[in-house]
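Dear colleague,

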Amino acid sequence: MEGFSVRWRDLYFNVEGEEVVRRAFFSRNPVFDFKENELSERLRRYFRGEKVSFECKLELDFPAFTKRVLKRVLEIPYGETLTYGEIAKELKSSARAVARALSMNKIAVIIPCHRVVSKNGLGGYSWGVEVKKALLRLEGVNFP
């Protein structure tokens with residue numbers, strides 16, 4: 001299994017795949033070796049609070065609707081958010097369906113599902129609401 005890990009705070013961000021990203025996820029311990037490559041450098045800069053783009057090939061092996069949601073989420077600019085309902089309206093669906101699709105995202109941060117919030121707060125996040133809040137704060141978005 002090829003990949004690399006990057007440290008952020010007390011977590012490790014692990015990326016599976018180097019030519020094509022298959023998964024990207026947080027863990028308490030590194031899953032892969034620490035490697036120097038273009039994407040690992042961009043991730044380190046991102047986790048320092050710099051605005052970076054993650055132009056890389058992604059393996060999007062998902063149902064059609066989930067792909068549509070994830071592709072829309074890829075368009076949300078750094079430091080901005082959309083609600084589940086706003087995305088649902090654009091895609092002619094429901095907020096619940098959008099949330100369910102986002103819960104299938106296997107490529108955290110790079111596909112920035114943390115930028116999707118509920119109309120009354122943060123909403124959920126597979127890696128925990130505190131991680132979601134920290135990522136948004138990193139991008140200059142403040143939530144109580």
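**Salt bridges and a helix face**

Arg-44 and Glu-41 both lie in helix α1, three residues apart, which is about one turn of the helix (helices are DSSP runs of H or I with at least four residues, strands are runs of E with at least two, and both are numbered from the N terminus). This is a predicted model, in which local features need pLDDT of at least 70 and side-chain atom pairs count only at pLDDT 80 or more, while totals for chains, interfaces and linings use all residues. Residues are numbered from 1 along each chain as its sequence is written, and side-chain values use heavy atoms, with hydrogens and water left out.

The side chains of Arg-44 and Glu-41 form a salt bridge at 3.6 Å, N to O (a side-chain nitrogen of Lys or Arg within 4 Å of a carboxyl oxygen of Asp or Glu). Glu-50 and Arg-45 also meet in a salt bridge, at 2.9 Å, and bridges that share partners join Glu-36, Glu-41, Arg-44, Arg-45, Arg-48 and Glu-50 into one network.

Arg-28 pairs with Asp-10 at 3.1 Å, N to O.

In helix α2 (residues 64–74), Thr-66, Val-69, Leu-70, Arg-72 and Val-73 are buried (under 20% relative accessible area, with exposed over 50% and partly exposed in between, for a 1.4 Å probe and protein chains only). These residues cover an arc of only 160 degrees around the axis, which puts them on the same side of α2 (the arc is that of the directions from the helix axis to the C-beta atoms).

With regards
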